[in-house]
Amino acid sequence: MIRAYRREALFFLRHYNDIDHIVPVIYKWSQSGHQCTVVLIGFTNIRKDYRIQFISTLACVKVLSIHDLLTPVDQFHFCSISLVLYGYSGQYVNRSFYRLFTYMWPKKKRLQFWNKIAKLLLKTAFVKNIKSVVVFDWISQKSTLPLEFVHCLLLLSRNEGHTSISLPHGDSPHINELIRNHEFSIQPQAKYAFSDMFDFIVCPNELCAKRYRPFISSTKIKVLGSPRYNDEWLARLRRLLPTTAIQKNQQLLNIVFFLRKNEFSLFWDEIKRVMKMLIQFENVQLIIKPHTRDYQQKPLRSILRQIQSPRIEVAQEHAHSVNLIEMAHIVIDVATSAAFEAVKHGTPVLSADYLHAGRSTIAHYIPETTMHCRDDIYHAIQRFIKDPQHDFYNTQHRANFIRHMLDVPDKYVLERYVSLLAGETQAPKRLVA
């Protein structure tokens with residue numbers, strides 16, 4: 001006989017950001033004695049990621065790739081529909097081919113296919129008659145994962161008595177709203193309305209939650225703090241980290257410069273000037289960390305061709321931000337959430353807001369981090385060279401940032417996530433005669 005208090009969850013992970021923010025919840029879920037199935041639904045090989053390998057060893061966690069579950073034919077269909085109709089590659093597809101593809105895969109046929117896949121996934125993950133929870137990351141109209149598929153799976157799971165929850169895959173490093181090159185009007189963004197298909201949307205802070213409030217009932221929005229940047233997970237993560245080729249040099253001032261994708265209105269000409277200025281200091285080592293998903297990086301490549309110096313190093317994709325922050329004396333930031341960890345760790349962050357067309361969240365809460373011009377960065381570096389241990393942060397400012405953005409409202413973040421998931425899976429499902 002199946003016991004009613006048994007708790008089960010089905011997690012979907014599709015890219016690097018999901019791993020960052022959802023794996024801590026999976027870790028705590030397992031540590032709390034609950035069971036789950038994790039499906040790697042992206043068609044890239046993320047199974048080798050050290051955090052995926054870690055949760056694969058945890059009790060009551062079963063990690064599967066979508067490749068493990070689908071036939072080769074279904075894999076091909078899943079991937080091709082996703083890429084042509086929903087992925088960025090669709091914009092490069094010939095119009096005649098696109099029309100032919102949509103003729104071959106009309107909506108009715110696609111829905112039949114998605115339902116078949118959804119039934120397989122739910123059957124794989126859940127024992128019958130147990131009320132469970134289905135967990136995706138934030139899904140929007142811009143997601144490469146087909147909304148049709150997600151909607152079909154959630155509808156089927158709801159009919160079986162399960163609850164659906166959308167967990168964070170990121171944060172809000174900008175305090176302002178017009179952050180991308182193509183944005184010219186401040187108004188609610190309709191892409192967030194699609195998240196109403198979930199029973200609950202979880203946000204780390206109110207800055208993220210306000211995106212959803214114009215479209216979704218406040219009872220469905222839960223603000224629980226950051227699973228990625230809470231103390232418990234950061235301590236665990238540092239014990240899991242693989243070694244990196246970039247090592248901390250105590251004889252030099254190690255400066256890590258986190259960049260964003262070009263769509264976030266970066267001023268690349270001035271970024272180049274700052275890089276040239278920094279390497280004029282003989283005891284500075286500059287490590288550039290491109291954005292994880294910025295596949296083109298054309299402006300950066302152009303800059304590096306013009307500036308060649310042994311004191312500039314570009315961190316490769318496998319160089320994790322945690323590693324880089326561990327070895328950094330200073331972080332230069334252009335509004336990236338990776339710098340949140342540096343603040344939590346106590347590493348000085350220079351919020352170079354004049355290098356982009358936005359206002360960073362860190363600068364908003366911690367004014368002493370704000371760099372208004374090249375002079376500010378120059379003087380900050382000079383001061384660190386003369387006195388590397390000087391007090392950089394105002395204690396109250398840093399505490400306010402942590403309280404409003406990361407530990408919301410306190411440090412017991414992962415407990416809140418598990419409580420939400422477990423609270424929605426306690427009761428046994430009512431059987432339909």
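1. Helices (H or I, at least four residues) and strands (E, at least two) are taken here as DSSP runs, numbered from the N terminus. This is a predicted model, in which local features need pLDDT of at least 70 and side-chain atom pairs count only at pLDDT 80 or more, while totals for chains, interfaces and linings use all residues. Residues are numbered from 1 along each chain as its sequence is written, and side-chain values use heavy atoms, with hydrogens and water left out.

2. On the overall make-up, the chain holds 17 helices and 12 strands. Of its 433 residues, 55% are buried, where buried means under 20% relative accessible area, exposed over 50%, and partly exposed in between (1.4 Å probe, protein chains only). Taking a contact as heavy atoms within 4.5 Å, 75% of the contacts between residues at least 6 apart in sequence join residues at least 24 apart.

3. Helix α15 (residues 374–386) has 13 residues, which at 1.5 Å a residue should span 18 Å, and the 19 Å between its end C-alpha atoms agrees with this; the expected span is 1.5 Å times one less than the number of residues. The buried residues of α15 are I377, A380, I381 and F384. Seen down the axis of α15, these residues fall within an arc of 95°, so they line one face of the helix, the arc being that of the directions from the helix axis to the C-beta atoms. Their cover includes the strands β8 (253–258), β9 (284–289), β11 (330–333) and β12 (349–351), together with helix α10 (268–278).

4. Helices α6 (residues 107–125) and α7 (residues 147–159) pack at an angle of about 55°, with their axes 9 Å apart. Axes are lines fitted to C-alpha atoms, for helices over the stretch in contact, and angles run from 0 to 180 degrees between N-to-C directions. The two helices, α6 and α7, are therefore oblique to each other, given that angles under 35 degrees count as roughly parallel, over 145 as roughly antiparallel, 65 to 115 as roughly perpendicular and the rest as oblique. The contact is made by residues including L111, W114 and L122 of α6 and F149, L153 and L156 of α7.

5. Which residues does N115 touch, not counting residues up to four places away in sequence? N115, found in helix α6, touches C152 and L156 on that count.

6. Helix α9 (residues 231–240) and helix α13 (residues 338–345) pack at an angle of about 95°, with their axes 12 Å apart, which makes α9 roughly perpendicular to α13. D231, L234 and R238 of α9 make the contact with E341, K344 and H345 of α13.

7. Some backbone details deserve a look. A335, in the loop between β11 and α13, has a positive phi of about 70° although it is not a glycine, and A335 is buried, with a relative accessible area of 0%. C60, in the loop between α2 (50–56) and β3 (61–65), has a positive phi near 70°, but C60 is partly exposed, with a relative accessible area of 39%. Finally, a cis peptide bond with omega of about 5° joins V408 and P409, and P409 is placed in the loop between α16 (395–406) and α17 (413–423).
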